[in-house]
Amino acid sequence: MKVIETKDITYEYPDGTKALETVNFIAEKGEIVALLGPNGAGKSTLFLHFNGIIRPTWGTVVIDGKTVNYNKKELMKIRQKVGIVFQNPDDQLFAPTVIEDVAFGPMNMGLSKDEVEQRVKEALYRVDMDGFEKKPPHHLSGGEKKRVAIAGILAMKPKIMVLDEPTSGLDPKGASQILKLLYQLNNEGMTIVISTHDVDLVPIYASKVYIINQGKIIKHGTPSEVFEDVKTIRDANLRLPRIAHLMEILEKKDKLPFNKPYPLTIGSARKRILEEFKEIK
Ligand code: ADP
């Protein structure tokens with residue numbers, strides 16, 4: 001079942017910049033979809049269409065089977081279904097304390113005080129930020145801010161969570177904490193869409209990848225399908241995952257028998273190498 005669908009959307013900013021051109025993007029229920037593209041490709045602009053923050057210049061956006069209607073009441077409904085976590089948590093966090101920030105969304109949904117309290121507690125626990133309730137968000141580290149921003153969205157219990165570069169600027173532990181959480185949420189049924197330019201992460205978590213460059217989707221498919229097309233990846237100023245690049249060098253330069261499709265993760269590379277060298281072992 002399609003939960004997000006854009007049909008031929010084109011978007012021009014008021015200054016005339018064409019940021020998206022005839023973009024067709026689909027996220028099915030229960031998927032983790034990665035939107036991969038270099039800086040300035042149009043990732044953030046596309047995401048802002050997913051909950052009606054911006055309206056396409058041409059084309060339509062369909063959320064949960066319904067074409068988005070840009071009246072206030074419908075937009076409220078969409079924003080409860082699709083939660084967007086911005087790239088920079090400072091664009092999202094504004095309340096004087098963590099607890100007030102996370103409570104803002106559910107309070108606006110008109111839920112009872114008890115329900116709001118319960119949701120805030122649960123959301124902070126999920127992101128491992130319980131104990132930080134009274135802290136001002138601007139006193140938190142980058143990773144902590146990001147987790148509070150995610151808690152604020154989780155507290156609204158959206159069906160779909162859209163995260164713009166969720167691991168950018170985080171140290172490896174912070175990044176892996178966030179990915180683990182997204183994995184768990186996905187296992188519980190949440191559809192997740194992530195934008196990134198980190199090609200190494202994509203094959204680890206994504207079931208489907210879209211490559212965007214200069215406002216156009218130039219390729220989509222499973223990570224193996226997409227990374228098999230090395231030329232398109234490089235033309236878009238992206239690169240192969242490091243592991244696949246190593247296998248490519250071993251094949252082309254050292255004439256070792258690692259042909260395409262190259263393994264994309266450490267786990268699959270290990271399997272392939274062990275298979276190839278089992279006689280030596
Ligand atoms: P990405 O998220 O992939 O880095 P963006 O969606 O932020 O890319 O930007 C896509 C294009 O739109 C870029 O050329 C960028 O300069 C332009 N752009 C982004 N925001 C605005 C804006 N508010 N006004 C005009 N142009 C913008």
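A pocket is here an open set of grid points with protein on both sides within 12 Å along at least five of seven lines, and its lining residues have an atom within 4 Å of a point. In the predicted model, the largest pocket is lined by 26 residues, among which Arg79, Phe104, Gly105, Ile153 and Met156 lie nearest its centre, and its volume is about 580 Å³. Two or more lining residues are contributed by each of helix 2 (72-81), strand 6 (82-85), helix 3 (98-108) and helix 5 (142-154). By residue class, this lining comprises 15 nonpolar, seven polar and four charged residues.

The second largest pocket holds about 300 Å³ of space and is lined by 17 residues, with Leu154, Lys157, Pro158, Leu185 and Met190 nearest its centre. Helix 4 (residues 113-126) supplies the largest share of this lining, four residues, and the lining as a whole divides into eight nonpolar, two polar and seven charged residues.

The shell around the ligand includes Tyr13, Asp15, Thr17 and Ala19, together with residues such as Pro38, Asn39, Lys43 and Thr45. Helix 1 (residues 43-49) provides the largest share of this shell, three residues, and the shell consists of four nonpolar, six polar and two charged residues. Of the 560 Å² that the ligand exposes when taken alone, 62% is buried by the protein.

Notes: Residues are numbered from 1 along each chain as its sequence is written. This is a predicted model: local features need pLDDT of at least 70, side-chain atom pairs count only at pLDDT 80 or more; totals for chains, interfaces and linings use all residues. Side-chain values use heavy atoms; hydrogens and water are left out. A residue is near a molecule or strand if one of its heavy atoms lies within 4 Å of it. Accessible areas come from the Shrake-Rupley method with a 1.4 Å probe; for residues, only the protein chains shown count as cover. Ala, Val, Leu, Ile, Met, Phe, Trp, Tyr, Cys and Pro count as nonpolar, Asp, Glu, Lys and Arg as charged, and the others, Gly among them, as polar. On a 1 Å grid over the protein atoms alone, a cavity is a set of points where a 1.4 Å probe fits but cannot get out, and a pocket is an open set with protein on both sides within 12 Å along at least five of seven lines; lining residues have an atom within 4 Å of a point. Grid points are joined across faces, edges and corners, and a volume is the space filled by probe spheres set on the points.
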